[in-house]
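Keep the structure open beside the text.

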Amino acid sequence: MINILPNERIDDLQCKGYRLIQKPEGFCFGVDAVLLADFAKVKKDQTVLDLCTGTGIVPILLAAKTAGRQFTGLEIQQEYANMAQRSVELNELQGRVAVVQGDVKEAAGLFPAASFDVVTVNPPYMNETHGLKNVYEPKNIARHEILCSLEDVIKNATYVLKPGGNFYMIHKPFRLAEIMSIMMKYKLEPKRMRLVQPFVDKEATMVLIEGNRGGKSRIKIEPTLIMYDEPGIYSEDIHKIYGEDKTW
């Protein structure tokens, strides 16, 4: 029997019957996690590390939609790591998905060097220049670079990636120059990028990036992903990601 606390709920992911434990007043997953799980490419028998995993949504979705062998989520907040672990057990995924409570900045002490084929991350988007209230409140830790920086994420992702391994991240376009600069600094070559716009006539609000450890210099810019045809009506591309029957 999986213990569900009074302030938690179980959400149906509409994906192979998988479910996720979340805390409504806490930080719940959004469309960015779904887009990241769709953008990431995981081949048969590959191993995957998801940094800043939160409630474990990305590893669980990737376990559902790919033939990867092993998925590990790393989360610093004990409460969320605990929820992620219970979701793994709820879905009987203990053989494929593991949750580790720990700090991204200490990944070198938690995992061997060059031990993963793929690293994914939906990191905090905002840096110290953005205003904060209740600095250590869980939502702010998830959204702001309080406990780790963009450089911490990329540096440690590169450390745990095998040579030739792939890195997938979703972030904000206004930090794109910084993202590219740091990736190049750690020889994580940008290989693929896709902007995400809410509407065709609005500026991009998210960017999906793939990097390759030690790859050659060449990047592919994919067609922009438009979220909505009109307010409340998903675009065809989004329907393809979610699936008409809400399966993955």
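Axes here are lines fitted to C-alpha atoms, for helices over the stretch in contact, and angles run from 0 to 180 degrees between N-to-C directions. The model is predicted.

**Exercise 1.** Describe how helix α6 packs against helix α7.

Step 1. Two packed helices are described by the angle between their axes and the distance between the axes.
Step 2. For α6 (residues 150-160) and α7 (residues 176-185), the angle is about 35 degrees and the axes lie 9 Å apart.
Step 3. The crossing of α6 past α7 is right-handed.
Step 4. From α6, Leu150, Glu151 and Ile154 make the contact; α7 supplies Glu178, Ile179, Ile182, Met183 and Lys185.
Step 5. Sorted by class, this contact of α6 with α7 holds five nonpolar, three charged and no polar residues.

**Exercise 2.** Is phenylalanine 27 buried, partly exposed or exposed?

Step 1. Locate phenylalanine 27: the loop between β2 (19-22) and α1 (31-39).
Step 2. Buried means under 20% relative accessible area, and exposed means over 50%.
Step 3. Phenylalanine 27 has 29% relative accessibility, so it counts as partly exposed.
Step 4. Look across to threonine 55: it is 28 residues from phenylalanine 27 in sequence, and 8.7 Å away C-alpha to C-alpha.

**Exercise 3.** Which residues of the largest nonpolar core touch the most other members?

Step 1. The largest nonpolar core has 38 residues.
Step 2. Leu13, Leu35 and Leu62 touch the most other members.
Step 3. By element, α2 (57-65) gives the most to this core, with seven residues.
Step 4. Among the contacts of leucine 35 are Ile170, Val196, Leu208 and Ile241.
Step 5. Another core, of 26 residues, lies apart; Phe111, Leu161, Phe167 and Ile209 are among them.

Key: Residues are numbered from 1 along each chain as its sequence is written. This is a predicted model: local features need pLDDT of at least 70, side-chain atom pairs count only at pLDDT 80 or more; totals for chains, interfaces and linings use all residues. Side-chain values use heavy atoms; hydrogens and water are left out. Helices (H or I, at least four residues) and strands (E, at least two) are DSSP runs, numbered from the N terminus. A crossing is left-handed if the near helix is turned anticlockwise from the far one by less than a right angle, and right-handed if clockwise. Contact means heavy atoms within 4.5 Å. Ala, Val, Leu, Ile, Met, Phe, Trp, Tyr, Cys and Pro count as nonpolar, Asp, Glu, Lys and Arg as charged, and the others, Gly among them, as polar. Buried means under 20% relative accessible area, exposed over 50%, partly exposed in between (1.4 Å probe, protein chains only). A nonpolar core is a set of buried Ala, Val, Leu, Ile, Met, Phe, Trp, Tyr and Cys residues joined through side-chain atoms within 4.5 Å. Lists of a residue's contacts leave out its neighbours within four places in sequence.
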